[in-house]
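This briefing covers selected features of one chain, grouped by topic.

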Amino acid sequence: MYDLGIIGGGPAGYTAALHATSNGKKVVLFEQDKVGGTCLNRGCIPTKAILHSAEVFEEMKNAENLGLSAENVSFDYEKVVERKDKIVEKLRKGLELSLKNHKVEIVNANAEISAKNQIKANGEIYECKEILVATGAKPREFKGMKFDGEFVLSSDDVLNLKKLPKSIVVVGSGAIGIEWTRIFAAFGVEVTIVELAENLLPVADIEVSKRIERIFKTKKIKIYKSTGVEKIENKNVYLTNGEILAPEMVLIAIGREICELDNPHNYNCIGDACGEIQLAHFASKQAIEFVEGIKFDKTLVPSVVYGNPEIAWIGKREQDLEEGSFQKSMLLVSALGKSHCDNATEGFIKLLSQNDEIVGVHIVSKEASALIQQMVIAIQNKISISKLKEICYAHPTYSEGIYESLFNL
Ligand SMILES: Cc1cc2nc3c(=O)[nH]c(=O)nc-3n(C[C@H](O)[C@H](O)[C@H](O)COP(=O)(O)OP(=O)(O)OC[C@H]3O[C@@H](n4cnc5c(N)ncnc54)[C@H](O)[C@@H]3O)c2cc1C
């Protein structure tokens with residue numbers, strides 16, 4: 001008899017397993033593929049590894065701006081992918097060791113709930129006092145069209161390309177679509193991004209969306225907004241505006257479908273499979289909430305889109321607030337000394353406030369992923385703007401941009 005049976009070994013499942021065993025529970029974890037789940041094997045980590053190569057390549061091409069010379073700058077994409085694989089493997093081994101040290105029993109098999117307190121896997125029954133489902137999500141197909149791994153690619157397929165295409169159409173401009181557009185463009189692939197909504201990255205603040213569009217245009221990325229894909233046929237992409245595109249490949253990035261368990265029993269579900277917010281840190285926070293009872297504010301989950309420059313936000317967007325009900329400060333990153341030192345002057349820091357409190361922060365800047373965290377702390381703890389002004393910020397940093405912005409609210 002186990003105290004806890006967990007189905008799915010991604011960030012939700014493995015975090016729950018590690019915390020539960022730390023609290024003295026006997027835990028069995030079922031994983032049909034590799035521990036680490038989407039995040040480690042097919043998501044956050046591998047994409048950021050490839051993205052890093054892309055960014056460094058882009059910087060190397062512009063080395064002369066830094067007074068450096070790098071001649072015949074080129075890349076070997078197979079090696080880029082190999083490096084990504086090594087990083088993933090190394091981190092997975094670390095995770096496996098950590099699970100072993102915590103005495104989590106791992107069953108490498110597909111599992112199902114066979115009765116209220118029973119999990120069935122490999123033909124065996126595991127009795128569990130409590131069951132937690134953390135089965136994650138998988139790439140959504142375009143109109144039921146199967147991914148073929150050659151022309152119509154999912155976010156899983158695109159990670160294992162041996163060679164980059166000359167041209168690609170990216171369907172969807174959520175975080176995955178935006179990050180891959182940036183990777184492809186940095187490596188010199190001709191990219192077209194197609195978005196059904198009125199703006200790119202429609203989940204973001206309107207000014208963030210507009211800025212991304214501007215940045216993409218400077219990189220010669222072709223953009224279709226308010227445009228859908230009618231059909232994909234004979235290696236052609238038919239757009240709703242009547243145009244037909246003929247790229248070498250298509251990346252479908254139109255969201256992720258929940259991996260639901262087919263069973264009639266009520267169960268606890270966390271992570272991507274619960275269908276709330278599909279982010280790794282949300283998944284692991286839910287796991288900690290489930291095991292440790294540490295609650296968290298689900299309206300204050302930071303979002304980050306990686307690439308050059310990074311994009312990050314927390315709290316309310318301008319379009320969500322009633323006109324005249326808020327104050328706004330908009331600071332261009334080029335106003336910061338550090339951005340000039342780093343040759344990274346693109347972007348802005350935007351703060352939105354109401355009644356002496358920050359209610360939304362939207363950043364397009366180098367280091368946005370790190371910057372956003374201080375604002376999560378400020379908003380969650382309702383630290384007033386007057387109090388924030390008492391903080392001493394280091395120089396030269398991007399954080400100074402936040403400090404300066406406080407005086408413009
Ligand atoms: C390309 C890409 C980039 C991403 N980048 C980021 C990012 O930068 N930051 C971020 O926060 N999030 C990112 N995400 C999202 C992040 O990967 C997910 O939110 C996170 O992995 C969810 O964790 P999870 O544990 O709920 O599910 P998963 O990580 O999907 O894990 C679920 C696991 O359950 C297993 N499983 C499913 N069914 C069964 C079964 N019946 N029996 C046994 N095992 C089963 C699966 O094999 C899988 O390993 C990205 C996703 C993708 C696709």
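The expected span of a helix is 1.5 Å times one less than its number of residues. In this predicted model, helix 4 has 25 residues and reaches 36 Å from its first C-alpha to its last, close to the 36 Å expected.

**Helix 4 and its packing with helix 1**

- Helix 1 (residues 11-22) packs against helix 4 (residues 77-101) at an angle of about 35°, and their axes are 9 Å apart.
- On the helix 1 side the contact involves Tyr14, Ala17 and Leu18, which meet Leu95, Ser98 and Leu99 of helix 4. By class, this contact has five nonpolar residues, one polar residue and no charged residues.
- Just after helix 4, Lys103 takes a positive phi of about 60°.

**Helix 9 and its buried side**

- Helix 9 (residues 368-380) has 13 residues and reaches 18 Å from its first C-alpha to its last, close to the 18 Å expected at 1.5 Å a residue.
- Ala368, Leu371, Ile372, Met375, Ala378 and Ile379 are buried in helix 9. They lie on the same side of helix 9 because they cover an arc of only 110° around the axis.
- The elements that cover these buried residues include strand 18 (303-305), strand 19 (310-315), strand 22 (357-365), helix 10 (385-388) and helix 11 (399-406).
- Just after helix 9, Lys382 has a positive phi of about 50°.

**Met330 in strand 20**

- Met330 belongs to strand 20 (residues 327-332) and is partly exposed, with 14 other C-beta atoms within 10 Å.
- Leaving aside neighbours within four places in sequence, Met330 is in contact with Phe348 and Lys350. Met330 and Lys350 are 20 residues apart in sequence, while their C-alpha atoms are 4.5 Å apart in space.

**Cis peptide bonds**

- The bond from Asn308 to Pro309 is cis, with omega near -5°; Pro309 is in the loop between strand 18 and strand 19.
- The bond from His395 to Pro396 is cis, with omega near -10°; Pro396 is in the loop between helix 10 and helix 11.

- Asn355, in the loop between strand 21 (348-354) and strand 22, has a positive phi near 50°. Asn355 is exposed, with 10 other C-beta atoms within 10 Å.
- Asp356, in the loop between strand 21 and strand 22, has a positive phi of about 65° although it is not a glycine. Asp356 counts as partly exposed, with 14 C-beta neighbours inside 10 Å.

Notes:
Residues numbered from 1 in each chain as written. Predicted model: local features only at pLDDT ≥ 70, side-chain atom pairs only at ≥ 80, totals over all residues. Axes fitted to C-alpha atoms, helices over the stretch in contact; angles between N-to-C directions. Helix = DSSP H or I, 4+ residues; strand = E, 2+ residues; numbered from the N terminus. Contact = placed C-beta atoms within 7 Å. Nonpolar A, V, L, I, M, F, W, Y, C, P; charged D, E, K, R; others polar. Buried ≥ 20, exposed ≤ 12 C-beta atoms within 10 Å, placed from the backbone. Arc of directions from axis to C-beta.
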